[in-house]
Each structure stands twice: as structure tokens, then as C-alpha cells.
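Here is a short briefing to read alongside the model. Take a look at the structure first, and then we can walk through it topic by topic.

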Amino acid sequence: MEGTVFTPALEKIQHVKSEQGEILTMPFLEVCKQILPVIDKFGAAMALVKTDINGNISRLESMYNSNPVKFNYLYSLVQIEVETKTAKSASSCTNGLLWLTRAMDFLVALFQNLIEHEDWTMSQACTDSYNKTLKKWHGWLASSSFTLAMKLAPDRKKFMEVVGGSGDINVDMGKFCSEFSPFLEENHKFLARCGLDDMKAS
């Protein structure tokens, strides 16, 4: 594999914003999709996260495909639901974007832990990032299944070798975190302005 498993995502990140500085729907979703192969390398530990991310991408994508011109900008998917008062429904795109953003927050925190704490096991890195990001939004059931899944985390050294390919994994991982985080922050700020950033899992 040319470069690391992050190389395709890093290439796509360059196209996420329009010239006016707005987040574009498909390019943003494309970057999230490019992270799925990274999640695959975690095996069973991340099966829940992968299903969640996949489902939310599909939900946003099908809404986008229903009218690509109208939904060219990511936040237009939310704005229409705010207007029709459907944003808080469990199957809304707003909910999809919120949980996609939170799942990506978790992954960014995890990648940062792997860079910053070389002595941590994969399980430690996963649990710490879970506690910092997703835990407060999860109910007891989601939280306990997550904690259980983290125990299946792969060996850290093996994981880093697999995702490293022929590139410098720490450099690419760090670059992904620093370049992708601002989009996630922007999503949270936008959702907070709409009063939709604090929805919990049922």
C-alpha cells in the first residue's frame, strides 16, 4: 500500500470546504468513509463504531442524493429539518450528523492517544478516548457494550504495523487529527447554535 492507511483520507480532506469556506456534504462524508478501513483493522473491538458510522453516512448520503443541488452544503441537511421540526427525530439527518461527528471525535481522540502515549496498551487508549468523548452521551446499555468491546482491542504494535503501510504512521495520524478536528468543532458549534448538540442516545 502506498503511504499509510490515512493517505486517502488526507487527500480527500483538501476538498471538504467550498471556496466560500462552507463544509460540502459529499467531500465530508468521503473523508469519514476513508476512515472505515482504519476501523476495520481494529477487528471486533470497533464493530459497533463501524456500524454506527456506516449507518449515519448512508442516512446523510441518501438525503443528499435526493437533491444534490439543494443539499450540496452539509448544514443544509439540518436546516431543512429544523424548519420542518423533524431534527430531533431518531432517524433524522441531524441525529445522523451529530452521532457521526461524535464517533469521529472518539476516533480522533483515540489516534491522538496513540501518538501521545506510546506506553499505553490499545485497550487503555480506547477506553480513555471513549470516556472523553462518547461516554456522557451513551445510556447504560450502550456504555457497557462499548466497555466490553474495548477489551477485544488488537495488540497495539501489530495494529500500528498494519495501518502504517509504507509511510510514517505517526505523522499521518497526527496530520489527520489536526486537519480533521476543525470540521468536527464546526459541526458541534453549528448544532449547538440550533440547540441540537446535546441529544443523548436512547
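A residue counts as buried under 20% relative accessible area, as exposed over 50%, and as partly exposed in between, with a 1.4 Å probe and protein chains only. By that scale T84, with a relative accessible area of 49%, is partly exposed. Please keep in mind that this is a predicted model, where local features need pLDDT of at least 70 and side-chain atom pairs count only at pLDDT 80 or more, while totals for chains, interfaces and linings use all residues. Residues are numbered from 1 along each chain as its sequence is written, and side-chain values use heavy atoms, with hydrogens and water left out.

**Overall build**

- The chain has ten helices and zero strands, where helices (H or I, at least four residues) and strands (E, at least two) are DSSP runs numbered from the N terminus.
- The radius of gyration of the chain is 17 Å, which agrees with the value near 17 Å for a compact globule of 202 residues; the radius is taken over C-alpha atoms, and the globule rule is 2.2 Å times the number of residues to the power 0.38.
- The C-alpha trace spans about 50 × 40 × 25 Å along its principal axes.
- Of the 202 residues, 49% count as buried.
- Among contacts (heavy atoms within 4.5 Å) with a separation of 6 or more, 74% come from residues 24 or more positions apart.

**Surface and charge**

- The chain has 21 positive and 24 negative charges, whose mean positions are 7 Å apart. Lys and Arg count as positive and Asp and Glu as negative, while His and the chain ends are not counted; each charge is placed at NZ of Lys, CZ of Arg, CG of Asp or CD of Glu.

**Aromatic pairs**

- The structure holds ten aromatic pairs. Rings of Phe, Tyr and Trp (its six-membered ring) pair if their centres lie within 6.5 Å; planes under 30 degrees apart count as stacked, over 60 as edge-to-face and the rest as tilted.
- F6 and F176 form a tilted pair, because their ring centres are 5.6 Å apart and their planes stand at 40°. This pair links distant parts of the chain, with F6 in the segment before α1 (7–13) and F176 in helix α10 (residues 169–193), 170 residues apart. Both F6 and F176 are buried.
- Y75 and F190 are stacked, because their ring centres lie 4.0 Å apart with planes at 5°. Y75 is in helix α5 (residues 74–83) and F190 in helix α10, so the pair ties together parts 115 residues apart in sequence. Both Y75 and F190 are buried.
- Ring pairs also link F6, F28, F111, F176, F180 and F183 into a cluster.

- N187 lies in helix α10 and, at 0% relative accessibility, counts as buried. Leaving aside neighbours within four places in sequence, N187 is in contact with I23, F28, L74, Y75, L97 and T101.
- N170 is also found in helix α10, but at 31% relative accessibility N170 counts as partly exposed. Beyond neighbours within four places in sequence, N170 is in contact with I115 and M160. The C-alpha atoms of N170 and E116, 54 residues apart along the chain, are separated by 9.6 Å.
- T84 sits in the loop between α5 and α6 (93–116). T84 and F146 are 62 residues apart in sequence and 34 Å apart in space, C-alpha to C-alpha.
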